[in-house]
Amino acid sequence: MRMRIAPFQKIDRSTFYKLVEQAPDYVRDEWGEGWVVQQQQGGTFQHVRIAGRIAVLCRAQVNQPSWTVGEASGVETATTIRYGNVAIEPADTSPDSLAATPPVFVVEILSPASGARDLTLKPREYLPIDTLQADMVADHETATCAVWQRDLATGTFPADRVVVGKGET
């Protein structure tokens with residue numbers, strides 16, 4: 001029987017990964033600065049549908065031999081392990097990996113339980129990742145996406161996100 005991870009435990013990164021391998025598939029635990037910080041059940045059907053559609057669109061745009069598009073992918077930062085809804089990473093990432101350590105694109109779908117964290121905390125954690133080129137947060141309630149995209153000339157992210165939405169291209 002697969003075990004749930006007890007929240008608010010202080011554990012190291014490798015122990016967290018061992019526990020994740022034993023946790024039920026329907027639970028997403030996240031780790032931050034040595035603590036199990038979040039336990040979240042799967043999203044609504046709409047949440048899952050949007051993530052699936054974004055993953056399909058990403059797969060159509062990337063060079064498949066070079067890149068992998070993952071759903072419910074772990075994203076490893078310097079101090080956290082979070083779970084985005086979609087992530088693009090190099091195809092040569094180990095198939096046994098539990099997180100995208102070199103992601104180039106991460107997508108979060110807002111939900112009532114995680115909205116504030118997905119729009120504020122996670123981008124601050126993701127943007128310092130050297131390989132990351134863009135981070136997107138989709139809000140199905142307002143039909144908008146907040147996007148942070150690395151400037152190719154400077155190699156930096158803008159101070160604020162660009163919000164695009166319904167009726168825009």
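Figure 1. The structure shown here and in the following views is a predicted model. Leucine 152 sits in the loop that connects strand S9 (144-149) with strand S10 (162-165). Although leucine 152 and glutamine 133 are 19 residues apart along the chain, their C-alpha atoms are separated by 8.7 Å.

**Figure 2. Overview of the protein chain.** The secondary structure of the chain amounts to three helices and 10 strands, and, read from the N terminus, these elements follow the order α-β-β-α-β-β-β-β-β-α-β-β-β. The chain has 169 residues, of which 46% count as buried.

Figure 3. Which residues of helix H1 (residues 13-22) are buried? They are Phe16, Tyr17 and Val20, and they cover an arc of only 100 degrees around the axis, which puts them on the same side of H1. The face of H1 that is turned away from this buried side carries the exposed residues Lys18 and Glu21. An α-helix has 3.6 residues a turn, so residues three or four places apart point the same way.

**Figure 4. Strand S8 and its pairing with strand S7.** In strand S8 (residues 134-139), six of the six residues are buried, so the strand is largely enclosed by the rest of the structure. Ala134, Met136 and Ala138 point one way from S8, while Asp135, Val137 and Asp139 point the other way, and all of them are buried. Strand S7 (residues 105-109) runs parallel to S8 and is joined to it by five bridges, and in this pairing valine 107 has methionine 136 of S8 as its bridge partner.

**Figure 5. Strand S6 between its antiparallel partners S3 and S7.** Five of the five residues of strand S6 (residues 86-90) are buried, so S6 is largely enclosed by the rest of the structure. Five bridges connect S3 to S6, and these two strands run antiparallel, whereas three bridges connect S6 to S7, again in an antiparallel arrangement.

Figure 6. Is glutamate 30 buried or exposed? Glutamate 30, which lies in strand S1 (residues 27-32), is buried, with a relative accessible area of 1%. The side chains of glutamate 30 and arginine 82 meet in a salt bridge of 2.9 Å, taken from N to O. Glutamate 30 belongs to strand S1 and arginine 82 to strand S5 (residues 80-83), so the pair ties together parts that are 52 residues apart in sequence. Arginine 82 is buried as well as glutamate 30.

Figure 7. Side chains of opposite charge can pair when their charged atoms come close. A search of the whole structure finds seven salt bridges, and one of them joins the side chains of glutamate 76 and arginine 13 at 3.4 Å, N to O. This pair links distant parts of the chain, with glutamate 76 in strand S4 and arginine 13 in helix H1, 63 residues apart. Another salt bridge, also 3.4 Å from N to O, joins the side chains of glutamate 108 and lysine 122. Glutamate 108 lies in strand S7 and lysine 122 in helix H3 (residues 115-126), so the pair ties together parts that are 14 residues apart in sequence. Glutamate 108 counts as buried at 1% relative accessibility, and lysine 122 is buried with a relative accessible area of 1%. Glu30, Arg82, Glu108, Asp118, Lys122 and Glu125 are linked in a network of salt bridges.

**Figure 8. Two alanines with a positive phi.** Most residues other than glycine have a negative phi. Alanine 72, however, has a positive phi of about 55 degrees although it is not a glycine, and its place is in the loop between strand S3 (67-71) and strand S4 (74-76). Alanine 143, in the loop between S8 and S9, likewise has a positive phi, near 55 degrees. Alanine 72 is partly exposed, with a relative accessible area of 44%, and alanine 143 counts as partly exposed at 37% relative accessibility.

Conventions
Residues are numbered from 1 along each chain as its sequence is written. This is a predicted model: local features need pLDDT of at least 70, side-chain atom pairs count only at pLDDT 80 or more; totals for chains, interfaces and linings use all residues. Side-chain values use heavy atoms; hydrogens and water are left out. Helices (H or I, at least four residues) and strands (E, at least two) are DSSP runs, numbered from the N terminus. Buried means under 20% relative accessible area, exposed over 50%, partly exposed in between (1.4 Å probe, protein chains only). The arc is that of the directions from the helix axis to the C-beta atoms. Two strands pair if DSSP finds at least two bridges between them. A salt bridge is a side-chain nitrogen of Lys or Arg within 4 Å of a carboxyl oxygen of Asp or Glu.
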